[in-house]
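Please keep the sequence and the structure in view while reading.

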Amino acid sequence: MMRMTVLASGSKGNSTVISSSRTRILVDAGLSCRELLKRMAIAGEDSTQLDAILITHEHQDHVAGLGVLARRLNIPVYFTEPTHRAWVRMMTPRTTMTYAKWLDHIQREKESRAAAQTYDIAAESASIANVYAEAREAAETDSDALCDPDAPVTPTKADPTHLPAVEIFHSGTHFCIGDIDITPFTIPHDAADPCGFVFTSEGIRMAVATDLGYMPPNVKAALKRIDCLLLESNHDLEMLKDGPYPWSVKQRVLSRVGHLSNHATAEFLQKDYDGTAAWIILGHLSESNNAPELARIAAEQALANHPTLLGNRILLAEQSTPLESIRL
């Protein structure tokens, strides 16, 4: 048996549990630790039984609760190397020194040098480094306590990039977590090294393919012979064009490294989809630029053109509540 449980899907956070009879993997952790634990409990998923967290890419709606959850559950996190580097850069606190503080620091350095009548390059470098280190140390607090309502309120200093273990994988090269075989494939999106995944265990194949600007040949090939497919249907083209987003954001969403429209998803289902999935879950629906029924109708009309595909059942993933688990 394999199971897919979509905990959340959308621009405010994404997370899905993929399970076999012996292994449980969390794909993305785009909600807070507290909310992820809550959603898993609602969906009947035991968070203490998770074996690993697998990251598609480093955007905030896919990693918001990553560090806290991984430390809380003491489980490894799987990234590609570019995605891990990008996440570390994003999580590393950046401290800046105001011009006034810089002038004051320089003045104190001059006075110190005059008093000692020496110029010690090493000492000056260490002093400047200490200024930045103290500012950075003051800015860093561990948010793990936010996950536990009973934790002490006094914050403790910690490295927000610390993880119990980091495992590196490479797009296009399959690997295993427990008894689940995973094949990552490159997707077109504006991130460091974004990936979709095919999960195989006990003869069942499940796939997660969201955050795609378009459907390139490698993605179409990866999504063959899938039994359960989580596929992006992000926006309605007219709603996006007439919607509230600034034009620069609209251009990003519409670009080849943005998100799939209902039309693009329907085109894939009509022309390139092989029809093997018992379930198709439409995910990452925009709350501002889409309507669930528009996404559903577009997909159903695409499948209706192929009578042999009418057995495919379509579900809509939600942002606010988890879907009921799909078991195959």
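The model is predicted. Its chain of 328 residues has 47% of them buried, and its secondary structure consists of 11 helices and 14 strands.

**Overall make-up**

- Among the contacts in the chain with a separation of 6 or more, 67% are between residues 24 or more positions apart.
- The chain has an accessible surface of about 15700 Å², and carbon and sulfur atoms contribute 53% of that surface.

**Nonpolar cores**

- In soluble globular proteins, nonpolar side chains tend to be buried together.
- The largest nonpolar core contains 30 residues. Phe185, Leu223, Leu231, Leu269, Tyr273 and Leu282 have the most contacts inside this core.
- At least two residues of this core come from each of several elements: strands E10 (204-209), E11 (228-232), E12 (279-283) and E13 (313-316), together with helices H7 (217-222), H10 (262-271) and H11 (292-304).
- Helix H11 provides the largest share of the core, with five residues.

**Salt bridges**

- Side chains of opposite charge can pair when their charged atoms come close. The structure holds nine salt bridges.
- One of them joins Arg3 and Glu45, whose closest N and O atoms are 2.8 Å apart. Arg3 belongs to strand E1 (residues 3-8), while Glu45 sits in the loop between helix H1 (33-43) and strand E4 (52-54), so this pair ties together parts 42 residues apart in sequence. Both Arg3 and Glu45 are buried.
- Glu81 and Arg85 form a salt bridge with 3.5 Å between the closest N and O atoms. Both residues lie in helix H4 (residues 81-91), where four residues, about one turn of the helix, separate them. Glu81 is partly exposed, with a relative accessible area of 43%, and Arg85 is also partly exposed at 43%.
- Lys271 pairs with Glu267 in a salt bridge whose closest N and O atoms are 3.3 Å apart. These two residues are four residues apart in helix H10, so about one helical turn separates them. Lys271 counts as exposed at 59% relative accessibility, whereas Glu267, at 35%, is partly exposed.

Definitions and conventions: Residues are numbered from 1 along each chain as its sequence is written. This is a predicted model: local features need pLDDT of at least 70, side-chain atom pairs count only at pLDDT 80 or more; totals for chains, interfaces and linings use all residues. Side-chain values use heavy atoms; hydrogens and water are left out. A nonpolar core is a set of buried Ala, Val, Leu, Ile, Met, Phe, Trp, Tyr and Cys residues joined through side-chain atoms within 4.5 Å. Buried means under 20% relative accessible area, exposed over 50%, partly exposed in between (1.4 Å probe, protein chains only). Contact means heavy atoms within 4.5 Å. Accessible areas come from the Shrake-Rupley method with a 1.4 Å probe; for residues, only the protein chains shown count as cover. A salt bridge is a side-chain nitrogen of Lys or Arg within 4 Å of a carboxyl oxygen of Asp or Glu.
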